[in-house]
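Biologist: I would like to go through this model label by label. For each one, please give the value, the cut-off and the conclusion.

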Amino acid sequence: IPVVPVRKRSCLEPWVIGLITFISLIVLAVCIGLIVHYVRYNTLKPYNYYSTLSFTSDKYYHEFDKEATTNFTEMSQRIESIVKSAFYDSILRKQFIKSQVIKFSPQEPGVVAHMLMIFRFPSTQTPESIKKTIQRVLHEKLQHATGPPQVDPSSVVITNINKTETDQYLNSCCGTRRGMSSGTSLRIVGGEEVEQEGEWPWQASLRWNGEHRCGATLINATWLVSAAHCFRNYKDPANDCIRRIIVHENYKYPSHEYDIAVLQLDRPVPYTNAVHRVCLPDASYKVKAGDAAYVTGFGAMRNDGTSVNNLRQVKVNIIDTKICNEPQIYNNDITAGMICAGFLTGGKDACQGDSGGPLVSPNSREIWYLIGIVSWGDECAQRNKPGVYTLVPFFREWIASKTGV
């Protein structure tokens, strides 16, 4: 029998093992360093700034000094567009998020726009270095801006502010909201709840003996607007929070006309992210058929059902009054102070308990306006029976006469 030699087991020299281990550690360290570097320099965080910018225009300051008016909105949009164009034509195109005019103030010989500007930069950059870059870009690009209005690039002043200060500025403005965009469609009747607190910060619940009865809308720190029919049996303040209730003097139950009331609170409401006011439209504001709007409330999810504890929302469409007055729909019951909204196919609508609550719509700046008040309808979400709302622009001067808002 032949003898097979035993194969010796090959072993690496100790210095080779050490070298391999050393190289492996170096590679690992480099990989970790690259990851840390990537995360550090690619983690973006918001940077907020308060800015003022002087300008002159063919309009006088008093023509757009009042917040939420058509002139205020148009001038704000022009200023915001000029600022947006300046950044989009610069090295800060990807970092710029938005600018929002929050107020105007007079200054001879022109006007000062007060704005919030929001950016996203790598967390490694300091607010001061960012501010210098922003200021340099604005000084350079605004020199080529075309008006009206005519802006003064040298007048730009920028101050970095924190999130709390930003929220305070935004909450002092009417019609700002957090959460979902206007493109999301949810339902009240058989639908879904509002997901985040403060998505509809002007929504109020009117309660008698602890039970929800009607909705209402905050229009400033001390005034709510609601429906007159909510106070048919509750004409006096029901609790310590309400100082007085003013029902429209021409409202006569069971008629649906003049279905509007305002309530004065006993003390001002502090504005927060979750609680602040909606904007009121001018009396000249035109609600257009086909436009989308949202109605919110704590009302029932089906006809003759009970109210719910959580706020719900539904996206509806404005319906032309001529269509709504057709015989098979509401047969000429829709008057000048009313507007229809919903779907002729049914399925989505306000319901009992939503009365007095808001029908709101955003403008092009994503600022929300109260255009209607939940008033009446034939049952809930029925075919050819959309919701009917008190038309707020029609009663704008009445609201002002009672509240000063």
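Biologist: Why is Asn331 called partly exposed?

Modeller: The relative accessible area of Asn331 is 46%. Buried means under 20%, exposed means over 50%, and partly exposed is what lies in between, with a 1.4 Å probe and protein chains only. At 46%, Asn331 is therefore partly exposed.

Biologist: What is the basis for these values?

Modeller: This is a predicted model, in which local features need pLDDT of at least 70 and side-chain atom pairs count only at pLDDT 80 or more, while totals for chains, interfaces and linings use all residues. Residues are numbered from 1 along each chain as its sequence is written, and side-chain values use heavy atoms, with hydrogens and water left out.

Biologist: Which peptide bond ending at Pro254 is called cis, and what is its omega?

Modeller: The bond from Tyr253 to Pro254 is cis, with omega near 10 degrees. Pro254 lies in the loop between S9 and strand S10 (261-265). Another cis bond runs from Glu108 to Pro109, with omega near 5 degrees, and Pro109 is in the loop between S2 and strand S3 (110-122).

Biologist: Where does UniProt place the feature "active site"?

Modeller: The unreviewed UniProt entry places it at His229, Asp259 and Ser355. UniProt positions follow the numbering used here, feature names are shortened, and annotations may be inferred rather than shown by experiment.

Biologist: How do you know that these three residues gather at one spot?

Modeller: They span 127 residues in sequence, yet no two of their C-alpha atoms are more than 10.2 Å apart, so they gather at one spot. Contact means heavy atoms within 4.5 Å. Leaving out residues up to four places away in sequence, His229 touches Tyr251, Asp259, Ser355, Val374 and Ser375.

Biologist: Is Ser355 buried or exposed?

Modeller: Ser355 has a relative accessible area of 12%, so it counts as buried. For His229 the value is 22%, so His229 counts as partly exposed. His229 is in the loop between strand S8 (223-226) and strand S9 (242-247). Ser355 is in the loop between strand S13 (338-342) and strand S14 (358-362).

Biologist: How many cavities of 30 Å³ or more does the structure hold?

Modeller: Three.

Biologist: What makes a space a cavity?

Modeller: On a 1 Å grid over the protein atoms alone, a cavity is a set of points where a 1.4 Å probe fits but cannot get out, and lining residues have an atom within 4 Å of a point. Grid points are joined across faces, edges and corners, and a volume is the space filled by probe spheres set on the points. The largest cavity comes to about 80 Å³.

Biologist: Which residues line the largest cavity, by class?

Modeller: Nine are nonpolar, one is polar and two are charged. Ala, Val, Leu, Ile, Met, Phe, Trp, Tyr, Cys and Pro count as nonpolar, Asp, Glu, Lys and Arg as charged, and the others, Gly among them, as polar. The lining includes Glu67, Gln100, Cys174 and Arg365. Strand S2 (residues 96-107) gives the largest share, three residues. Domain 1 (44-172) and domain 2 (198-403) each supply at least three residues; the bounds come from an automatic or database domain assignment.

Biologist: Why does Cys174 count as buried?

Modeller: Its relative accessibility is 4%, so Cys174 counts as buried. Apart from neighbours within four places in sequence, Cys174 is in contact with Glu67, Ala68, Arg277, Val278, Cys279 and Ile367. Cys174 belongs to the loop between helix H4 (163-172) and strand S6 (203-208).

Biologist: What share of the protein chain is buried?

Modeller: Buried residues make up 45% of the 405 residues. The chain has six helices and 16 strands.

Technical notes:
Helix = DSSP H or I, 4+ residues; strand = E, 2+ residues; numbered from the N terminus. 1 Å grid on protein atoms, 1.4 Å probe; cavity = no way out; pocket = protein on both sides within 12 Å on 5 of 7 lines; lining within 4 Å.
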